[in-house]
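Morning, everyone. I have one model to walk through today. Please bring it up on your screens.

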Amino acid sequence: MKVLVVAAHPDDEVLGCGGTAARLVAEGNDVHFAILGEGLTSRQADRGSTDANHLATLHRQAHAAASKLGVKDLSLHKLPDNRLDTLPLLDLVKIVEELIERVEPDILYTHHGGDLNIDHGIIHRAVLTATRPTPGQPVKEIYAFEVPSSTEWAFQRLESPFRPNVFIDVARTLDAKIAAMECYESEARNFPHPRSPEGLRAIAMRWGSVAGCRAAEAFELVRSIRL
Ligand SMILES: [Zn+2]
């Protein structure tokens, strides 16, 4: 199976489905990570060299994180961070369409539409548009993942609440997910932040307890089509 993960920012791909991606790779599937935003939170119009260095570091970290999970295929699209709402949606849709044409994924994982982070919601919408189920559309299943400190911090006030109904056992790959997150040194947070190693383990154990296993990642099935 070919799997495409479409994420807004470097580290979302790990936070959202790192354990699942590592498991899919271990099971012999092709997994491709696509990160659309550049990952720089600075808002200066004119970037200095410090930012350029920071950006290069972040992108090196993205490659290191992907390799911890066994994912060889990573594309970085470098769109402006936290400002995807300033771009025409069509531009984003075209990027996702090109990815789909190239990767031909059977399954696609992406953001939940009701996250606090505005880029996440926009990516969700762009994915839905790019994967319209016209004849020849390779994408048969779409799953929305949660991103700790964005999905739950919308407090179910934004449309729509995250309602996971698919759980993937990641007991064997949770350590790889935590190790992949540690590659993003600049994004590291201490407990009780939801992105801290303890926070990520607690979330995985919580979903595991829902699903009857030691650790799980939770997803909301957006669409499944069998022809
Ligand atoms: Zn994000």
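I'll go through helix packing, salt bridges, backbone geometry and a surface patch.

One caveat first. This is a predicted model. Every value I quote is computed from it.

Helices, then. Start with α5, residues 174–183, and α6, residues 197–211. Their axes come within 10 Å. They cross at roughly 150°. That makes α5 roughly antiparallel to α6, because an angle over 145 degrees counts as roughly antiparallel. The handedness is right: α5 passes α6 in a right-handed crossing.

Now look at the other partner of α5. Helix α1 covers residues 12–26. α1 and α5 pack with their axes 8 Å apart. The angle is about 150°. So α1 is roughly antiparallel to α5. The crossing of α1 and α5 is right-handed.

Next, charges. How many salt bridges does the structure hold? Five.

Bridge one is K2 with E104. The closest N and O atoms are 3.9 Å apart. The cut-off for a salt bridge is 4 Å, so this pair counts because 3.9 Å falls within it. Where do the two residues sit? K2 is in strand β1, residues 2–7. E104 is in the loop between α3 (89–103) and β4 (107–111). So the pair ties together parts that are 102 residues apart in sequence. As for accessibility, K2 is partly exposed, at 31% relative accessible area. E104 is partly exposed too, at 46%.

Bridge two joins D11 and R195. Here the closest N and O atoms are 2.8 Å apart. Again the pair links distant parts of the chain. D11 lies in the loop between β1 and α1. R195 lies in the loop between α5 and α6. They are 184 residues apart. Buried or exposed? Both D11 and R195 are buried.

Stay on D11 for a moment. Its relative accessible area is 2%, so D11 counts as buried, the limit being under 20%. Its backbone deserves a look as well. Phi of D11 is near 105°, which is positive, and D11 is not a glycine. For context, most residues other than glycine have a negative phi, and most peptide bonds are trans.

R201 and D175 meet through their side chains, 3.0 Å from N to O. R201 is in helix α6 and D175 is in helix α5. The two are 26 residues apart. R201 is partly exposed, at 32% relative accessibility.

Back to backbone geometry. K78 also has a positive phi, near 60°, and is a residue other than glycine. K78 sits in strand β3, residues 73–79. With 48% relative accessibility, K78 counts as partly exposed.

Which residues does a cis peptide bond join? F191 and P192, with omega about 15°. P192 is in the loop between α5 and α6. R195, from bridge two, is in the loop between α5 and α6 as well.

Now two strand residues, with distances you can check on screen. F145 is in strand β5. F145 counts as buried, at 0% relative accessibility. From F145 to S196 is 18 Å, C-alpha to C-alpha, across 51 residues of sequence. R223 is in strand β7, residues 216–224. R223 is buried, with a relative accessible area of 15%. R223 and G212 are 11 residues apart in sequence and 24 Å apart in space, C-alpha to C-alpha.

Last item, the surface. Which residues make the nonpolar patch? L116, W153, F155 and L158. The area is about 410 Å². Take W153 as one of its members. W153 lies in the loop between β5 (141–145) and β6 (166–169). Its relative accessible area is 38%, so W153 is partly exposed.

To recap: α5 packs with α6 and with α1. There are five salt bridges. D11 is buried, is in a salt bridge with R195 and has a positive phi.

Conventions. Residues are numbered from 1 along each chain as its sequence is written. This is a predicted model: local features need pLDDT of at least 70, side-chain atom pairs count only at pLDDT 80 or more; totals for chains, interfaces and linings use all residues. Side-chain values use heavy atoms; hydrogens and water are left out. Patches are made of residues with over 30% relative accessible area and no salt bridge: like charges are joined within 9 Å, nonpolar side chains (Val, Leu, Ile, Met, Phe, Trp, Tyr) within 5 Å. Accessible areas come from the Shrake-Rupley method with a 1.4 Å probe; for residues, only the protein chains shown count as cover. Helices (H or I, at least four residues) and strands (E, at least two) are DSSP runs, numbered from the N terminus. Buried means under 20% relative accessible area, exposed over 50%, partly exposed in between (1.4 Å probe, protein chains only). Axes are lines fitted to C-alpha atoms, for helices over the stretch in contact, and angles run from 0 to 180 degrees between N-to-C directions. Angles under 35 degrees count as roughly parallel, over 145 as roughly antiparallel, 65 to 115 as roughly perpendicular and the rest as oblique. A crossing is left-handed if the near helix is turned anticlockwise from the far one by less than a right angle, and right-handed if clockwise.
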